[in-house]
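Hi,

Here is the structure I promised to pass on.

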Amino acid sequence: MVVLAATVLAGVTLAVVLLTGWATGGNSGVTDVAGSTSAVLYPAGHRPLAPDFTATTLTGSRLRFSSYRGQVVVLNFWGSWCGPCREEAPTLAVAARQYRSAGVAFLGVDVRDTTASALAFARDFGITYPSVSDSGSEITLDFTTVVPIAGTPTTLVIDRTGHITGAVFGTATYQELTDLLAKVTGKAAG
Amino acid sequence: MTDVRAPEADPFESAAEQDDREDRSRDRAAGTLGFADWLKWGWRQLTSMRIALVLLFLLALGSVPGSMLPQEGTDAAGVQQYYTSHPALAPLLNHLGLFNVFAAPWFAAIYLLLFTSLVGCVVPRTFRLAGSARALPPRAPRHLTRLPRSAEYTTVLAPALAAEVAATVLAGHGFRLRRPADASGGAWVSAEKGYLREVGNLLFHLALLGVLVSVALGGLFGYKADRLLVQGTTFADTQSALDEFYPGRLVTAADLGPFTITLNRFDASYITSGAQRGQPASFDAQISYAAYPGGPVRTDQLEVNRPLSVDGAKVYLIGHGYAPVFKVTDARGQVVYDQATPFISGSSGNFLSQGVVKVLDAQPEQLGFTGVFVPTAVEAGGVLESVFPAADNPVVSLIAYAGNLGLNSGVTQSVYQMDTAGMRRLTADPQLLLPGQSLKLPGGQGTITFTGYVPWVSLAITHDPGQLPALICGIAALGGLLLSFMVRRRRVFVRARASGPGTTVQIGGLARTDASGGFEAEFASLAAELRSAHHQAAASRQHEGE
Amino acid sequence: MPVNLALGHVSNDFLIAALVIYSLSVVAFAGDFAFGRPRRAVASEPQVRERASTLAGVGAAGAAVAGPAAGAPAAADGGPADGPAAAPAAAAVPDSMPAVAAPPLRAVAQAGRWVQAAMALSAVAVVAHTAAVVTRGLAVHRAPWGNMYEFVTALTCVAAIFFLFVMVRYRAWALGVFVMGAVVVALGLAETLIYTAAGQLVPALQSYWLDIHVTAMTLATGIFFVAAVLGVVYLVADRYSRRVAAGRAEPGNGIMRRLPGLEQIDRLTYRTIMFGFPVWTFGVIAGAIWADQAWGRYWGWDPVETWAFITWVLYAAFLHARATAGWRGRRAHYIQLLGFASLMFNILVVQVFIAGLHSYAGVS
């Protein structure tokens with residue numbers, strides 16, 4: 001008899017505990033996306049329009065993003081301090097060279113960084129395409145309203161009409177990048 | 001209804017215990033006990049005062065480890081340290097959830113059971129209270145002298161009139177009255193007062209429940225975030241720009257408000273003399289902010305205790321520190337690093353701060369420096385100390401390394417720590433630099449210049465939709481508590497019987513919930529007032545009669 | 001504004017004076033125990049009916065009036081209480097009216113020289129103590145409870161004022177030796193161990209919510225301090241009465257005879273905690289408001305916050321215990337004392353040694 005009552009009470013307690021565990025368990029800190037990569041291709045009709053921005057490149061000239069309309073753009077959010085960005089930099093450098101003839105433009109967005117370190121990074125990895133400075137993360141903020149950018153590196157593939165067609169959240173591998181580009185340009189590398 | 005009970009009942013027994021007793025005797029009379037009865041028994045146990053007491057103890061006891069051990073939410077570094085200093089004990093404690101007590105399932109079980117017990121007790125009583133809102137006090141007992149408080153005196157007024165006068169007096173004091181339906185039982189008045197006590201009691205307990213719900217609201221829909229901001233820089237409120245982000249269960253990064261904040265200037269002043277020399281006197285941050293991209297830019301002064309409200313979130317000034325500015329030229333003469341580097345002051349006083357400079361793209365080799373920034377430096381016995389928190393005599397001490405910083409393979413590192421495993425030391429001793437001085441690295445590896453320093457602030461961005469409801473419930477709980485403590489439920493009865501040429505007036509009273517005393521004084525003054533009212537009425541009748 | 005060091009010294013002088021006068025009052029209270037007017041041992045139950053036979057005549061002094069007034073050991077003092085003015089009664093039934101308590105100062109006068117001296121000394125000490133607290137506040141241009149020394153000074157002042165009021169209202173001077181004695185000990189410890197010279201507050205604490213929060217906590221702690229002392233007295237008296245009942249002790253032992261009845265001490269303690277608990281609750285709420293302003297969250301399970309919560313739960317448990325059969329009396333007082341112990345632990349150990357946002361004790 002006592003056992004029965006105790007079982008009932010235990011059952012109630014368990015149910016209550018499980019419920020609470022769910023309700024309060026969500027508080028782990030979420031920082032950058034290093035280590036977790038996902039490549040996403042947005043289906044037609046679900047491709048958000050990339051926001052326009054005007055910013056200063058690392059070499060000091062002004063750049064307007066809408067000037068890239070009509071080209072396929074690979075927009076890469078990076079920082080010289082960011083380990084996974086350093087890991088994918090060679091990939092980007094190679095892909096940029098390979099797709100230049102196909103008319104694909106690569107543009108970097110240098111987040112939370114300074115010019116000296118950023119230029120040194122570009123020299124180091126042979127990145128020849130331009131990057132704009134986003135030390136205040138304002139460009140990132142704009143883009144986060146349309147795609148869930150959680151940290152760096154994040155690579156977006158934007159089609160000729162200015163819509164974001166694909167994204168890699170995290171370190172992009174050569175395979176992932178070229179797959180996305182192939183789908184968008186209809187061409188393979190080279 | 002349990003409200004109408006014999007005055008001889010124990011006034012200290014709570015309604016719940018009374019029900020308990022009555023239910024138990026009913027059960028005993030019934031005989032056999034089925035499963036439903038056992039459920040009822042279990043429920044009654046859960047909602048009993050005894051279990052409530054036990055659960056309260058467990059709640060208090062369970063909170064103790066949460067205050068003694070480092071907790072993950074507030075002191076993650078401390079938890080790590082605990083692991084290193086207690087390698088065998090730490091995993092066991094972690095298993096028991098002792099490094100995150102207040103989010104642990106067992107702690108939740110305690111307070112949820114407590115609240116279940118509370119609800120199970122309070123809700124039926126609320127219904128009972130609503131039901132008894134119009135109920136009348138019981139009839140006056142025959143022998144009022146047997147009540148805990150009684151008084152007796154005589155008057156020349158007729159019994160019926162005496163009862164009238166008594167009723168008027170008692171009604172004047174706000175008592176709820178009951179008069180006899182007919183003359184068969186004699187002349188009497190029943191009076192009861194103090195129903196608000198139960199209202200206060202229930203309000204208190206329900207308000208506590210409201211606090212719990214508010215906390216849950218915050219846990220589901222609120223978030224906390226941190227960001228360190230160097231003077232002269234800007235940050236936009238987006239996940240990738242935050243140093244830490246703790247979303248609630250149902251919150252995503254999309255819920256962050258799209259504001260940007262620029263730290264224009266930060267000032268801190270310290271006490272320069274007296275016993276409190278070195279204590280911060282004031283600090284404030286001049287910021288400009290825009291609530292959304294392209295929105296109007298406003299300025300504000302952030303201080304401790306004075307947060308900024310923007311986009312439904314609040315931005316708090318939590319702390320500050322120094323970021324020395326370094327310029328590094330590599331072996332090839334290129335400027336490869338030129339920025340303010342936040343250094344963190346630990347527990348050592350006067351803002352003695354530590355940090356690292358990682359020059360990832362120096363050629364031919366990566367360079368790294370571990371440094372100590374001393375705001376007001378004094379060398380004592382070969383050891384560099386900071387004797388004042390303001391930067392009155394800033395000195396930087398650096399140790400230089402070259403090699404592989406380990407970041408190229410894609411791991412993430414803290415910007416305040418450097419992994420020297422793949423590096424070799426370039427300078428044997430720490431090198432001291434004053435602002436403006438440079439250190440030439442051996443082997444032509446390059447130069448590092450300590451150009452100056454700027455302050456940084458740490459900001460906390462929080463959103464808690466449960467905050468205002470919690471405050472309202474807290475105030476309601478306090479109100480209910482005061483009401484239940486200050487109001488006494490008591491009954492007063494008056495009987496008037498003819499005796500001889502006059503009338504004997506008997507007054508009886510009891511306090512149902514008067515464990516603290518205080519009814520005696522009220523009864524004494526009521527009795528005196530009734531008597532003088534009767535004597536006055538008698539006197540005025542005599543007057544009229546003449 | 002700079003700290004007025006001279007005024008700070010004046011404050012300290014007042015405090016020393018208060019300490020000395022408190023000690024003298026304790027001696028006087030003890031003197032009352034030893035040499036004071038003998039009193040009947042009080043065993044009154046709350047449900048004993050009072051009976052007073054009053055005949056015609058106003059102010060029937062000399063009429064044997066027994067019966068305690070509200071919760072007080074009034075019957076313990078030998079003086080008669082005044083009966084109510086009686087109008088001429090024409091009937092044969094004698095009037096039986098509940099006694100109205102004598103005015104407090106008259107009761108003090110009737111309690112004997114020792115009590116008069118003790119009460120006077122206590123009053124003077126309280127004035128000096130209050131002056132110490134006030135001048136400290138004026139010296140530092142803020143509410144004078146910003147570090148632990150100031151806090152202990154202020155809470156003992158609250159306790160003393162509160163208990164002075166209790167002694168007068170409830171004729172509870174028999175308990176004066178214990179409470180004032182405890183005040184002396186606490187103040188002495190504060191002066192010798194944790195004295196901090198007057199100084200400014202760190203910016204984290206400069207907020208009007210500080211004044212509200214810490215004021216409430218100081219008040220509540222002072223009140224709980226009194227309740228704790230009374231709780232100890234209760235437990236000692238309770239143990240004694242059990243021993244008497246078991247035949248292991250002489251009834252009518254000197255000190256025990258002086259004390260009010262168990263029921264009265266219990267009720268006094270209960271009323272004290274009923275006064276302090278809402279103040280503590282308010283203090284916790286005010287602290288949460290302040291924490292939200294300063295640190296961005298109204299409750300973060302900071303060690304000091306956690307222990308304030310534990311204290312709250314324990315006093316809530318005391319209140320529940322009083323309403324639970326089998327848990328009243330001794331057990332309830334154990335709980336109450338545990339609550340006070342947690343409060344002291346919070347002030348003395350947690351705030352000083354356990355790191356947290358609250359560390360401001362000013363003790364290095």
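This is a predicted model: local features need pLDDT of at least 70, side-chain atom pairs count only at pLDDT 80 or more; totals for chains, interfaces and linings use all residues.

Residues are numbered from 1 along each chain as its sequence is written, chains are lettered from A and ligands numbered from 1 in the order in which they are written, and side-chain values use heavy atoms, with hydrogens and water left out.

**Inside chain C**

Leaving aside neighbours within four places in sequence, F225(C) touches L155(C), A159(C), V179(C), A182(C), V183(C), A186(C) and F340(C).

F225(C) also belongs to the largest nonpolar core. Such a core is a set of buried Ala, Val, Leu, Ile, Met, Phe, Trp, Tyr and Cys residues joined through side-chain atoms within 4.5 Å. Buried means under 20% relative accessible area, exposed means over 50%, and partly exposed is in between (1.4 Å probe, protein chains only). The largest core has 141 residues, and those with the most contacts inside it are Y22(C), F163(C), W173(C), F225(C) and W280(C). Which helix gives the most to this core? That is α6 of chain C (residues 208–245), with 19 residues. There is also a second, separate core of 29 residues, which includes A167(B), L170(B), A537(B) and A538(B).

Chain C has ten helices and zero strands. (Helices, H or I with at least four residues, and strands, E with at least two, are DSSP runs numbered from the N terminus.) Of its 364 residues, 59% count as buried. Take the contacts in chain C between residues at least 6 apart in sequence: 83% of them join residues at least 24 apart. The accessible surface of chain C comes to about 14500 Å², and 68% of that belongs to carbon and sulfur atoms. These areas come from the Shrake-Rupley method with a 1.4 Å probe; for residues, only the protein chains shown count as cover.

For a contrast, go to R248(C), in the loop between α6 and α7 (254–258) of chain C. R248(C) counts as exposed because its relative accessible area is 59%. From R248(C) to H320(C) is 72 residues in sequence and 33 Å in space, C-alpha to C-alpha.

**Salt bridges**

Side chains of opposite charge can pair when their charged atoms come close. The cut-off here is a side-chain nitrogen of Lys or Arg within 4 Å of a carboxyl oxygen of Asp or Glu. Over all chains, the structure holds 21 salt bridges. Here are some to look up:

- E192(B) and R491(B) pair at 3.0 Å, N to O. They link distant parts of the chain, with E192(B) in strand β3 (residues 187–193) and R491(B) in strand β23 (residues 490–499) of chain B, 299 residues apart. Both E192(B) and R491(B) are buried.
- D292(C) and K314(B) pair at 3.2 Å, N to O. This pair crosses between chains, from helix α8 (residues 262–295) of chain C to strand β11 (residues 313–330) of chain B. D292(C) is buried, at 7% relative accessible area, whereas K314(B) is partly exposed, at 23%.
- D266(C) and R322(C) pair at 2.4 Å, N to O. D266(C) is in helix α8 and R322(C) in helix α9 (residues 303–322) of chain C, 56 residues apart. D266(C) and R322(C) are both buried.

**Chains B and A**

Chain B is divided into domain 1 (7–134), domain 2 (144–193 + 490–545) and domain 3 (223–463); the bounds come from an automatic or database domain assignment. The centres of domains 2 and 3 of chain B are 80 Å apart, taken over C-alpha atoms.

Now turn to helix α4 (residues 76–85) of chain B, where G78(B), V79(B) and Y82(B) are buried. Why do they share a side of α4(B)? Because they cover an arc of only 105° around the axis, judged by the directions from the helix axis to the C-beta atoms. The face turned away from the buried side carries the exposed residues A77(B), Q80(B), Q81(B) and T84(B). The cover over the buried residues of α4(B) includes α5 (89–95) of chain B.

Finally, T57(A) lies in the loop between β2 (54–56) and β3 (62–64) of chain A. T57(A) counts as buried because its relative accessibility is 8%. Beyond neighbours within four places in sequence, T57(A) is in contact with L63(A), S131(A) and V132(A).

Terms used: Contact means heavy atoms within 4.5 Å.
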